[in-house]
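Please look through the sequence and the three-dimensional structure below before reading on.

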Amino acid sequence: MDIAFIITIFSIGFVGSFVSGMVGIGGSIIKYPMLLYIPSLLGFAAFTSHEVSGISAVQVFFATIGGVWAYRKGGYLNKALIIYMGISILMGSFIGSYGSRFLSEGGINITYGILATIAAFMMFIPKKGLDEQALELVKFNKWFAAILALIVGIGAGIVGAAGAFILVPIMLVVLKIPTRMTIATSLAITFISSIGSTIGKISTGQVLLVPAIVMVIASLIASPLGAKTGQRVNTKILQWILAILIVATSIKIWLDILS
């Protein structure tokens, strides 16, 4: 593995982790397609879908730690959401990541495409008055949130993601959680989810050690920087950035599946 390849992997990890920290996702929505396509486009050996999902799972674990640490102050972390959704998504992600060994390459990509498409539609549903409510007065149905998180965890575990790219739209649109609280809390839930995904991928031999380490180093540097930037950016802009990322990724994945 030469230095150019390492720099490429580091750059993918840095860009993805910066954006993930800014908009409250683990980063797989960005890094999954980047890892899948960019190395081969630059003439390096291509990763398989199983290898990409394994590297992504480990990287997300560390990226979300940095993001949560940056958001630890300011009252943005909703502890009830973290507990109910975190436990459920952990269970689901372990089931999905372990079961992914029985899926083909195409099956993993199709699962990813379906999740991204659902998330893309949800991001364009109007969210009027969402950020006008006081953070301490936010309420939600705890068991409904837990069930949704379990379902997300299973699908996300299959593709080596932590599920935040669909968890964030659910929190915004279905549970009506304010944007900045959604971003901070989803990072904490994603961290919990990534535990299950990481254990499942490592236990089934789907993680390449050196690329994973390079991605982790990039994540620990970039994710806190992205989170700090996100705290200063208008919430509408954050929502649009996330929506554009999800839509672009969804289109790319489906074009490749159908080609």
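Leaving aside residues up to four places away in sequence, Met85 touches Ala145, Ala149, Leu167, Met171, Leu175 and Ile189, where contact means heavy atoms within 4.5 Å. This is a predicted model, in which local features need pLDDT of at least 70 and side-chain atom pairs count only at pLDDT 80 or more, while totals for chains, interfaces and linings use all residues. Residues are numbered from 1 along each chain as its sequence is written, and side-chain values use heavy atoms, with hydrogens and water left out.

- The largest nonpolar core has 63 residues, and those with the most contacts inside it are Leu35, Met85, Met171 and Ile177.
- The largest share of this core, eight residues, comes from helix H7, residues 164-174.
- A nonpolar core is here a set of buried Ala, Val, Leu, Ile, Met, Phe, Trp, Tyr and Cys residues joined through side-chain atoms within 4.5 Å.
- Buried means under 20% relative accessible area, exposed means over 50%, and partly exposed lies in between, with a 1.4 Å probe and protein chains only.
- Helices (H or I, at least four residues) and strands (E, at least two) are DSSP runs, numbered from the N terminus.

## Helix H7 and the residue that follows

- H7 is mostly covered, since ten of its eleven residues are buried.
- The buried residues of H7 are Ala164, Phe165, Ile166, Leu167, Val168, Pro169, Ile170, Met171, Leu172 and Val173.
- H7 is followed by Lys176, which lies in the loop between H7 and H8.
- Lys176 has a positive phi of about 60° although it is not a glycine.
- How accessible is Lys176? At 45% relative accessibility, Lys176 counts as partly exposed.

## Helix H5 against helix H6

- Helix H5 (residues 105-123) and helix H6 (residues 142-159) pack at an angle of about 135°, and their axes are 8 Å apart; axes are lines fitted to C-alpha atoms, for helices over the stretch in contact, and angles run from 0 to 180 degrees between N-to-C directions.
- H5 and H6 are therefore oblique to each other, given that angles under 35 degrees count as roughly parallel, over 145 as roughly antiparallel, 65 to 115 as roughly perpendicular and the rest as oblique.
- H5 passes H6 in a left-handed crossing, a term used if the near helix is turned anticlockwise from the far one by less than a right angle, whereas clockwise gives a right-handed one.
- On the H5 side the contact is made by Ile108, Thr111, Tyr112 and Leu115, and on the H6 side by Gly155, Ala156, Ile158 and Val159.
- By class, this contact of H5 with H6 has six nonpolar, two polar and no charged residues; Ala, Val, Leu, Ile, Met, Phe, Trp, Tyr, Cys and Pro count as nonpolar, Asp, Glu, Lys and Arg as charged, and the others, Gly among them, as polar.

- Ala116 has its place in helix H5 and is buried, with a relative accessible area of 0%.
- Although Ala116 and Ser250 are 134 residues apart along the chain, their C-alpha atoms are separated by 5.2 Å.
- Ala119 also belongs to helix H5 and is buried, with a relative accessible area of 0%.
- Ala119 and Val168 are 49 residues apart in sequence and 8.4 Å apart in space, C-alpha to C-alpha.
- Not counting residues up to four places away in sequence, Ala119 touches Phe165, Ile166, Pro169 and Ile246.

## Helix H8 against helix H10

- The axes of H8 and helix H10 (residues 235-258) come within 9 Å and cross at roughly 50°, which makes H8 oblique to H10.
- From H8, Thr179, Arg180 and Ile183 meet Thr235, Leu238 and Gln239 in H10.
- The contact of H8 with H10 has, by class, two nonpolar, three polar and one charged residues.
- Thr179 lies in helix H8, residues 179-203, and is buried, with a relative accessible area of 3%.
- Arg180 is found in helix H8 and is buried, with a relative accessible area of 18%.
- The C-alpha atoms of Arg180 and Gly24 are separated by 8.6 Å, while the two residues are 156 residues apart along the chain.
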